[in-house]
Amino acid sequence: MSKQIKVPDIGDFENVEVIEILVKQGDKVKKNDTLITIELYRKWKNKSSVEVPSTEEGTVENLNVNIGDRVSKGDLILTLSGEIIKDKENNIPPITEKIIKEAESTIIKEKVIKIEYSHSDFGEVEIKDMPRIKRLAASHLINSWTTIPHATHHDEIDITEMEEFRNSLADNNTGEKLKITPLVFIIKALVGALKKFPLFNSSIDELENGKITYKKYYHIGIAVDTSHGLMVPKIRDANNKSLKHLGDELREVSEKCRNLKIDKKEFYGGSMTILSLGGIGGSFFTPIINYPEVAILGVSKSTKKQVYFQKNFQTRTILPISLSYDHRIVNDAEAARFCNELRENLGKNFAYKLAI
Ligand code: CAO
């Protein structure tokens, strides 16, 4: 017997846009699995996205919506076949008051000052759709920026020996030069620093209860620049992986992101994120923390500089880093010590540190 899954009660919102579909025909879904994401919008206010969960379990028989469709309460999303567990309370339970309130408050938080003129008053303009992933990321960025008091610590790290080593890496069998980017070493160095400073591998999503969750795993988020927007997949258990393994996984995961072949779950459950602009340029910047993490490491392009080293001015390779941290939980001294640890882990004794 088929079961229809419809758009639940979404308060006084109507004709809301479907911006994401997370299932396809033949997928098995459980109760509460997210089916689609819709975008709530009010005139003069910004938008907020809300996930619509399944109220039943079964196999997706027919999808009745497409991305970009406008839907209202009671519209058919899809039909399910197979084992059905009836919801005792209601066939179309509402998206709870709490979710609507949260969405409303995000909309209010996102409120911007309305400009009193049109851009086209001043010359030719062209209006285009904002990429879907940028739209989805927008509310996460606003949430992070408005709930976390950010502070950023900038530092410079001498990676001369590390770079010499990296450039000397070759395949044992073919002798061919191995393409391992500095980011792979930085992932290793970050894991070492997280082991020494577990506070940076925590979350305070239960702030009201005064609780800190310390993570015992080392899943490093990597910000990947794609034509669809920024994505942050995780390199899981980075502490157990070799440089080569990390390099291969980095390539694989960024490829999956660029081809939109990555599961949403890959974006969850991180320790800390690295945002590397090293392949692009710049020296220092302010990375925004990937909520609910408590810090993010920004990496810029290394350059050769004249620095005072071992009682002489010498040309050394210097890597600029920018660590943004949640000032509610990390203080400035802890941030500076964390960066010192990164300096140690990437500095001239890096090989010893990487082996730990
Ligand atoms: N200093 C100097 N050179 C660097 C460097 C650094 N810190 N980091 C990387 N490079 C070099 C690499 O060695 C490589 O050089 P070659 O082409 O000579 O081998 C080149 O820059 C390109 O590296 P890459 O970007 O392809 O590889 P990566 O491992 O450093 O990064 C990934 C992988 C997925 C993070 C990257 O492809 C990417 O998407 N970066 C952009 C992140 C970004 O912009 N996010 C969006 C931010 S918006 O808020």
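I began with the shell around the ligand and asked which element gives the most to it: α5 does, with 3 residues. The model I am reading is a predicted one.

I listed the elements that give two or more residues to this shell, and they are α4 (182–196), β13 (224–226), α5 (243–258) and β16 (272–276). By class, I have 12 nonpolar, 7 polar and 5 charged residues around the ligand. The shell holds 24 residues, and those that come nearest are K179, T181, D225, R258 and S302.

For K179, an N or O atom of the side chain is 2.7 Å from an oxygen atom of the ligand. For D225, a backbone N or O atom lies 2.9 Å from a ligand oxygen atom. For G278, I noted a polar backbone atom 3.5 Å from a nitrogen atom of the ligand. On its own the ligand has 960 Å² of accessible area, and the protein covers 68% of that.

Then I turned to the site. The ligand sits in the second largest pocket, for which I have a volume of about 950 Å³. I find 36 residues lining this pocket, with T181, L183, S276, G278 and G279 nearest its centre. The lining divides into 16 nonpolar, 11 polar and 9 charged residues.

Which element has the largest share of the lining? It is α5, with 5 residues. Elements that each supply at least two lining residues include α3 (160–168), β14 (229–231) and β19 (312–326). I also have α4, β13 and β16 down as supplying at least two each.

Key:
Residues are numbered from 1 along each chain as its sequence is written. This is a predicted model: local features need pLDDT of at least 70, side-chain atom pairs count only at pLDDT 80 or more; totals for chains, interfaces and linings use all residues. Side-chain values use heavy atoms; hydrogens and water are left out. A residue is near a molecule or strand if one of its heavy atoms lies within 4 Å of it. A polar contact is a pair of N or O atoms within 3.5 Å; within protein, one must be able to donate a hydrogen and the other to accept it, and residues adjacent in sequence count only if both atoms are side-chain atoms. Accessible areas come from the Shrake-Rupley method with a 1.4 Å probe; for residues, only the protein chains shown count as cover. On a 1 Å grid over the protein atoms alone, a cavity is a set of points where a 1.4 Å probe fits but cannot get out, and a pocket is an open set with protein on both sides within 12 Å along at least five of seven lines; lining residues have an atom within 4 Å of a point. A molecule sits in a cavity or pocket if more than half of its atoms lie within 2 Å of its grid points. Helices (H or I, at least four residues) and strands (E, at least two) are DSSP runs, numbered from the N terminus. Ala, Val, Leu, Ile, Met, Phe, Trp, Tyr, Cys and Pro count as nonpolar, Asp, Glu, Lys and Arg as charged, and the others, Gly among them, as polar. Grid points are joined across faces, edges and corners, and a volume is the space filled by probe spheres set on the points.
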